[in-house]
Amino acid sequence: MSLLFRHLRAHHVFGANTDVGKTVLTTALVRASARTHPVYYLKPVSTGPLAAADTAHVRRHAPSAHTECLYQYDHPVSPHLAAQLADRPPISDEALVNAIARSVRRAAAAGLQNAHLYVETAGGVHSPTLSGTTQAEAYRPLFLPAILIGDANLGGISTTIAAYEALLLRGYIVDAVLLFRDPYYRNHEYLTQYFAERDVWLASFEKPPHPLSSPDENFKSTDAYYNRLDSVLDTVNHLDSAHTSRLAELDSMPERAIDSVWWPFVQHADYQHPATVNVIDSASSDFFSVYDNKHPSPTASLLHPQLDSSASWWTQTFGHAHTNTTLAAARAAGRYGHVMFPAAIHLPALKLTEAMLRGPGKGWAHRVFISDNGSTGMEVAIKMALRAWTKRMGVPATTTEKLGVLGLTGSYHGDTIGAMDACEKTGVYTCEWHEGKGVWIDPPTVGFVDGKLGVRLSSGMGEGWYEFDSVNGVYGVQERMGTELEKVYREYVERVLRKQEAERKRANGPRLAALIIEPLVMGAGGMKFVDPLFQRVLVDVVRSGKEELGLCGIKGRGEGQEGWEGLPVIYDEVFVGLYRLGVQSAGPVLGVHPDIAVNAKVLTGGLVPLAVTLAKEGIFKAFLSCRKDEALLHGHSYSAHPVGCEVAAETLKEIGKLTRSGEWREARKRWGVVEGQVDGKESVWSFWDPEFVRRLSEMERVEEVMALGCVLAIKVTGARKGYTSYAAEKTFSLLNYLHVRKDVDQAPETGAPGGAPYSVHFRTLGNVAYFMTSLNTKPAMVRDIEVWIRYVLEWVTRVDREREREREREANWGRRRSFSAAVWEKA
């Protein structure tokens, strides 16, 4: 991952093109650094004759420098082609990045104070690595600050700016731009002004002399040239200053944040010390790069990789800094910026709309409303449902009659007031204006307990435990219809609704106007895996339209499949949708589609906020009239912003590729999914290993475990339950410190970028800890996390046992002392 040291300044040297003088100017930097500092030069990949290699040039003209080349190939061609021509095993990007990281860490481990290190790339910014990936892409996980060598030749202004923007687009810090002065093309004059306007350091230097035929004379001529470049010292000093400034900023960030930032879902009284603030310097793939200046090893990197195991609040789809989605954002920003959306259309919004109707909305949805986040998307859905219900029931939109929703106990649909009102006013997700409007049913849940998979009934159903042989036995909803449990659920739901309707008539309570569920998993309510059969029955009962249950018995006239029955049904798929649980949508699993559904989070690949609310045509028609005030008068200034829409369309395309990947096929196979079932959409599975999940549920500190798709939820034992419990946080706290080891320089490589030891950033919901992969997390990385989760639970169990033994020893000692005292007193 990212590397940063207090005693070692390291820079990546990129070129705007090949033959721009990258090695010459890097050598000049090395020589200037060597005057007063220990200096290292690293060439990851070199092609061509060894005698003409860049490392040989640096050794000749900066003999005091420590030089190293990691991979040398004989053919003087692009690295990817040289690798193909060589009769040697292929080198992956991961292996190349890890080799560079090892070399940098070795230099740091030497402990030489105020040392400098330069990593010189090959060719231009987008020249391929050994695998064929461009260098800007492959080296991004290292996140070393960059020095760009500009192009002084004809066309060099364009290539230099293009290279600079390519680095910026991938998040690189560009500390300096260096180039030769050509008296004819004078690119340096234009580029000096260009980069000055962007506060980027630029220095230009005289061009080197032409090579001489005599090696000795050529050496003298070149060495004399380097001796004339005294101004390079100014650049070296600037790079030192940039390094110092970056460290100072990182050091100051926690206190500045404590003094000024108001964090979401954080009790600030618990975060008053700078050490409690997680300083994220950058992120790549599934990892944050976190600043830690308290590491016990003085030569360890101040940045360490930290696994983002909550997928950054359930948003990450392909990991952080994913290039294709980044480019999509830039593409739309460059073409549109933002444009208003009412009665207008732009291509990103149209592409997203059509993709959603072909995907999650296939077979039922006809309209797509695009808003800005999941909570807003749910507010839109509620407005749609209530209008559709009042219109059919003949109730005016301005009615003062109390309307409510039917939902599940512990549900959560967002933090805006309207979405909150669709949840009961209990627990922690509430505020002064929150007024829960509706009825909520406590659902049965699915999980592994003591190695056995089963469904646990809620208290209102008489409790009970129903055991199943397989996960797909639980989620095979159609096969379970007509079973004893289906009858139990139906009777229970009808009993609750019948009681609610009687109470409404007696006390003028709210009329139910919509059903809202988080299908399959209730996220913020505690990662509850709801029995899908119960949710299917709930929808079926609602759509029965029985008036004695308070349901709408009036049929939609001429709506056919476009209409709705009983109550409009809303699926809140903000969290669970788009393969977060391994399926595109919950509809095919439950065997019944909603009338309205909301998607967000995964929708934009974890890059920008956006939400879509899908609806049947019958819902849309409830707002269709000749009166403007009967339209859906809901919108934001940034509704359907082109950047978000373009990113979402790109995300859906990328997800489509993943669903056909071999890694997904292997994961589904482990869970017993038979291929050929429409990509396994009706079958459930997980990236987590089924045997790991089962065995985890047998551990002492674990009460229950369940996994679907990316999600693993672990309920730990403890007297205190619910959101305010710290049980899960304390149980897994060791994960925060996995990277802290004094022998970090000799530690075995891990699956993190760069191979460094990593910690795990995890989130808890009271006594439930959850862990979440991206849709493309490597299987080896998932296996690695599984090992650490199991290790921590075993460690906590050992500590608990030792503490219990210590308490017994103290109790025995106390009893002996009491006995001795009694004997003495009697004597």
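Which residues of H2 are buried?

1. The buried residues of H2 are Asp54, Thr55, Ala56, His57, Val58 and His61, where buried means under 20% relative accessible area, exposed over 50% and partly exposed in between (1.4 Å probe, protein chains only). Because 6 of the 8 residues of helix H2 (residues 54-61) are buried, the helix is largely enclosed by the rest of the structure. Helices (H or I, at least four residues) and strands (E, at least two) are DSSP runs, numbered from the N terminus. The buried residues of H2 pack against helices H1 (22-34) and H8 (215-228) and against strands E2 (39-47), E3 (66-73) and E4 (115-120).

2. On the basis of the note: this is a predicted model, in which local features need pLDDT of at least 70 and side-chain atom pairs count only at pLDDT 80 or more, while totals for chains, interfaces and linings use all residues. Residues are numbered from 1 along each chain as its sequence is written, and side-chain values use heavy atoms, with hydrogens and water left out.

3. The structure holds 46 salt bridges, each a side-chain nitrogen of Lys or Arg within 4 Å of a carboxyl oxygen of Asp or Glu. One of them joins Lys43 and Asp54, with the closest N and O atoms 2.7 Å apart. Lys43 lies in strand E2 and Asp54 in helix H2, so the pair ties together parts that are 11 residues apart in sequence. Lys43 counts as buried at 3% relative accessibility, and Asp54 does at 19%.

4. A salt bridge also links Arg801 and Glu700, whose closest N and O atoms are 2.1 Å apart. This pair links distant parts of the chain, 101 residues apart: Arg801 is in helix H25 (residues 779-826), and Glu700 is in the loop between helix H23 (690-696) and strand E23 (702-708). Arg801 is partly exposed at 42% relative accessibility, and Glu700 is partly exposed at 48%.

5. Within helix H17 (residues 484-507), Glu494 and Arg498 lie 4 residues apart, about one turn of the helix. Their salt bridge has its closest N and O atoms 4.0 Å apart. Glu494 is buried at 14%, whereas Arg498 is partly exposed at 39%. Elsewhere, Arg331, Lys351, Glu646, Glu650 and Lys653 are linked in a network of salt bridges.

6. Asp151, in the loop between strand E5 (146-149) and helix H6 (156-169), is buried yet has no salt bridge. The nearest side chain of opposite charge, Lys207, is 8.4 Å away; Lys and Arg count as positive and Asp and Glu as negative, with His and the chain ends not counted. The side chain of Asp151 does make a polar contact with that of Thr159 (3.2 Å). A polar contact is a pair of N or O atoms within 3.5 Å; within protein, one must be able to donate a hydrogen and the other to accept it, and residues adjacent in sequence count only if both atoms are side-chain atoms.

7. There are 19 aromatic pairs, counted when rings of Phe, Tyr and Trp (its six-membered ring) have centres within 6.5 Å; planes under 30 degrees apart are stacked, over 60 edge-to-face and the rest tilted. Phe287 and Tyr758 are edge-to-face, 5.4 Å centre to centre with 80° between the planes. Phe287 is buried at 2% relative accessibility, and Tyr758 is buried at 3%. Trp688 and Phe692 are stacked, at 6.4 Å and 25°, and both are buried.

Definitions and conventions. Contact = heavy atoms within 4.5 Å.
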